[in-house]
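Subject: Structure handover

Hi,

Here is the structure for you to look over. My notes follow below it.

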Amino acid sequence: DFLQGYGLTEASPVVTLNPPEHFKVESIGHPLAFIDMIIADKDADGVGEIRIKGPNNCLGYLDDEENTKALFDENGYLRTGDLGYMDSENYVYLKGRKKNIIVTEGGKNVFPEEIEDMFQLYSQVEQILIRGFQMKKDVPSESIEAVIFPSPDYMKEKGLSKDAMKAEIEEIIKEVNKNLVGYKKIEKLTIVDEPMEMTTTKKIKRATVK
């Protein structure tokens, strides 16, 4: 059997599992029996930071008192940095990383990972990064930008120029926007010529993207 789960290195590393006898496709499962999980600082939709307590938690970072202190809240729960919510059966649903939240002009929270996932089935897109940009200099809020590295293999196979490839990606964005509520719609497209730098776990290093 293939079991979907969720975890992090600091939690040794499994926190939830999605049991095959009661599998929920969009969920990462429910916490293991020995784990005390809370959703902290919830917003109006019940989304907040996933925090955990249990014998699986690490004690901290070796010789790093500052980051060790920041890792735990005042009640001893480990701050995962991940945002999510729980349903009535204690199944957990991930929304994104706390540090990546985009706050729109209406005060709405946008989770970049949610939008990025919508591009998974488009072979034209090799990499995508969703981020906020300030459309109005005098308004401290963000609009949605898509930074995309097109697939070189797709371009070569189809014999497309850069302009033709950009046109295809613009059409894809229009399709994706149809399935997004107003404040989540992509308003700016940036095409990059080189792959974006990635971590060892194949995640784009957001801070390095110009």
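Two strands pair if DSSP finds at least two bridges between them. Strands (E, at least two residues) are DSSP runs, numbered from the N terminus. By that rule, β2 and β3 pair: two bridges join them, and they run antiparallel.

First, the ground rules. This is a predicted model, where local features need pLDDT of at least 70, side-chain atom pairs count only at pLDDT 80 or more, and totals for chains, interfaces and linings use all residues. Residues are numbered from 1 along each chain as its sequence is written, and side-chain values use heavy atoms, with hydrogens and water left out.

**Three-stranded sheet**

The β2-β3 pair belongs to an open sheet of three strands, ordered β1-β2-β3, with antiparallel pairing. Its edge strands are β1 (4-7) and β3, each pairing on one side only. Thr16 has Pro31 in β3 as its bridge partner.

Leu17 lies in β2 (residues 14-18). Leu17 is partly exposed, at 30% relative accessible area. The classes are buried under 20%, exposed over 50%, and partly exposed in between (1.4 Å probe, protein chains only).

Five bridges join β6 (residues 78-86) to β7, and the two run antiparallel. Leu83 stands opposite Gly96 in β7.

**Two buried loop residues**

Lys24 sits in the loop between β2 and β3 (30-31). Lys24 counts as buried because its relative accessibility is 17%. Contact here means heavy atoms within 4.5 Å. Beyond its neighbours within four places in sequence, Lys24 contacts Asn18, Asp87, Glu89, Tyr91 and Tyr93.

Thr104 is in the loop between β8 (102-103) and β9 (109-110). Thr104 is buried too, at 8% relative accessible area. What does Thr104 touch, not counting residues up to four places away in sequence? Val110, Ser141, Glu142 and Tyr183.

Best wishes

Methods
Helix = DSSP H or I, 4+ residues; strand = E, 2+ residues; numbered from the N terminus.
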